[in-house]
Amino acid sequence: MIRFLAIARTEMLILKRNRWLVVATLIMVLFALALTFAGSAPTGTLGVDMLTVSVASMTTLSVYLAPLLALMISFDAIAGEADRGSLALLLSYPAGRGEVLLGKFTAQLAALAFAMVIGFGSAGAVAAWSGGAGSDSLIALARLICTSVLLGAVFLTLGYLISALAPGTTAAAGMSAGLWLIFVVLYDLGLLGAVVMDQGGAFTQSVFPWVMVANPADAFRVWNIAASDGVALSSGMAGAARALPDWAAPVSLLVWPVLGFAAARAAFRRVEP
Amino acid sequence: MTDNVLQIEQASKTRGKLRVLDAVSLSVAPGERVALLGHNGAGKSTLIKAILGLTPLSGGRISVAGTAPGSGSARAATAFLPEAVSFHPALTGREQLTLFSRLAGARADVPALLDRVGLADALDRRIGTYSKGMRQRLGLAQVLLGRPRVALLDEPTSGLDPISRQDLYDIIDELAGQGTAVLIASHALTEVEARTDRIAILRRGVLVADDTLAGLSARAGLPIRLRIRAREDAGAIAEQTGGRRVNGASVEILCSPAEKMEALRRVAAMGEAVTDIDITPPRLEDLYRHYAQEVPQ
């Protein structure tokens, strides 16, 4: 158990030293602040406080940004070491492959969490200070941060999976971009197309919500929206979320990282450095 | 044979149609230094990876300190120096070695180890700023962590200057002295010749030789070279001895080990006509050429 902590500590050092931690945090802060200010207009019309609107905007932001940041950190976790030629040496040590992966995951998740807390936290603070915040909206903010970290965890593990399967770092980068596009953009477009074709039939009524919530990015959206009326109101996408039981989105978002990690570990086990 | 800490029996490995390793049997005892020679692609690195458990065998078995390769205890007993070793450039030598020491479960004195391999000044510099030789030294430092029972060194001297090579073999001797079984895959024949106990030669996945230098030499039956420097008439000496004139004043005779004394007596009998004589036994380079390029039957 000490071994994965040793790897996590070293990984953290690398993230700090190659400025990843700073850059990721900066990106989060800038985007969150920009959205908070840009999204402050409808406060009066909707009758909710500014933090609620801010959380709604940041939810939309996080759907894109959390997977992207996670994949950018994780895609070369294995392929990078293999390309550099340091993987064989690392694997000749007593640490198992699961421990190596867990160590990297721990450090990279901590870095993501740090960026999320600082980014959303500072934007939330600004929104609360300038436009007021209730206990509801504070909880929504906390939920946003936690679910964003979970969403990041999903894509970290998917990044490791790609990194273990890809023949090299460049291929891993390309595959990560493709994966991001599929989960965050194309999946929803496909579903939208299916719903339009179905014209409100059985698929739209009973299948569609489940297919949607099976995608971690959509589960993230549904969880944040369904749990807060204010957020649902200002994001205008409560319909689909209503059709699902409350546990569906949390289960999806909690199961994905576990599945992703198991898949990445299985793929990593087959890597011959 | 139970005292061999590294035991390879009939190890085979196929990749597609290619037989990368073909029934290779080799063992290394504690404190023994064995050189593993072979052309590029002869299977040296594959054999080392199989010993590390990084690549599975198609047949045969390997035992490292009595356990299967790749098992936790086998990995704990093994130290490895990969060919062209590489580390994360953002870490310092101290940080990298501290990580390895924690992974190995060894409470190593990292600064002392880095001092031992001549990196004391570069302790807190990033590895990205190291030269190739310095990275190789750092790689060697991690081999010394926690008294390994088996050390596998893949081309350890590549990229090192002559002094560093000398240092490296001193450290290898030290390792062997404390009871580590050392297997060195190398192309640097002249170094290996002087600094190892036994030599194994792989040719296209087949182990074609595994013996001491003297044993290899006797089995190969390669001729000994006598070079005689004549005082005046090299031509006459060449005629008398049946040798070959190599330049104006010298004659070269090739003879088998058994004929050596007889040939020397004849040369000595020529008295003043001969001013000097050099005896060159077959070198590892000749032996290597003999074993590694022998046409398979």
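Helix axes here are lines fitted to C-alpha atoms over the stretch in contact, and angles run from 0 to 180 degrees between N-to-C directions. Helices (H or I, at least four residues) and strands (E, at least two) are DSSP runs, numbered from the N terminus. The model is a predicted one, in which local features need pLDDT of at least 70 and side-chain atom pairs count only at pLDDT 80 or more, while totals for chains, interfaces and linings use all residues. Residues are numbered from 1 along each chain as its sequence is written, and chains are lettered from A and ligands numbered from 1 in the order in which they are written.

The axes of α7(A) and helix α14 (residues 248-269) of chain A come within 10 Å, crossing at roughly 130°. That makes α7(A) oblique to α14(A); angles under 35 degrees count as roughly parallel, over 145 as roughly antiparallel, 65 to 115 as roughly perpendicular and the rest as oblique. The crossing of α7(A) past α14(A) is right-handed, a label used if the near helix is turned clockwise from the far one by less than a right angle, with left-handed for anticlockwise. On the α7(A) side, R97(A), G98(A), L101(A) and F105(A) meet F261(A), A264(A), R265(A), F268(A) and R269(A) of α14(A). Sorted by class, this contact has 5 nonpolar, 1 polar and 3 charged residues. Here Ala, Val, Leu, Ile, Met, Phe, Trp, Tyr, Cys and Pro count as nonpolar, Asp, Glu, Lys and Arg as charged, and the others, Gly among them, as polar. Two residues are in contact if their C-beta atoms, placed from the backbone, lie within 7 Å.

The other partner is helix α2 (residues 20-38) of chain A, which packs on α7(A) at an angle of about 25°, with the axes 8 Å apart. That makes α2(A) roughly parallel to α7(A). Again, the crossing of α2(A) past α7(A) is right-handed. Residues that α2(A) brings to this contact include W20(A), L21(A), M28(A) and L33(A), and those from α7(A) include F114(A), M116(A), I118(A) and F120(A). By class, the contact of α2(A) with α7(A) has 16 nonpolar, 4 polar and no charged residues.

R19(A) sits in the loop between α1 (2-17) and α2 of chain A. Despite not being a glycine, R19(A) has a positive phi of about 65°. Most residues other than glycine have a negative phi, and most peptide bonds are trans. R19(A) counts as exposed, with 11 C-beta neighbours inside 10 Å; a residue is buried if 20 or more other C-beta atoms lie within 10 Å of its own, exposed if 12 or fewer, and partly exposed in between, with C-beta atoms placed from the backbone. G96(A) is found in the loop between α6 (87-91) and α7 of chain A, and is partly exposed, with 17 other C-beta atoms within 10 Å. From G96(A) to A70(A) it is 26 residues in sequence and 23 Å in space, C-alpha to C-alpha.

Chain B has 11 helices and 13 strands. Its C-alpha atoms fill a box of roughly 70 × 45 × 35 Å along the principal axes. Chain B is divided into domain 1 (6-218) and domain 2 (223-281), with bounds from an automatic or database domain assignment. The centres of the two domains of chain B, taken over C-alpha atoms, are 43 Å apart. Of the 297 residues of chain B, 41% count as buried. Among contacts in chain B between residues at least 6 apart in sequence, 67% join residues at least 24 apart.

Helix α1 (residues 44-52) of chain B has 9 of its 9 residues buried, so it is largely enclosed by the rest of the structure. Among those buried residues of α1(B) are K44(B) and K49(B). Just after α1(B), G53(B) takes a positive phi of about 80°. Elsewhere in chain B, R147(B), not a glycine, has a positive phi of about 40°. R147(B) lies in the loop between α5 (132-143) and β6 (150-154) of chain B and is partly exposed, with 13 other C-beta atoms within 10 Å.

Lastly, the two chains touch: 23 residues of chain B are in contact with 20 residues of chain A. On the chain B side, two or more residues each come from α2 (72-77), β5 (78-81) and α3 (93-104) of chain B. The largest share of that side, 6 residues, comes from α3(B). The chain B residues that touch chain A divide into 14 nonpolar, 6 polar and 3 charged.
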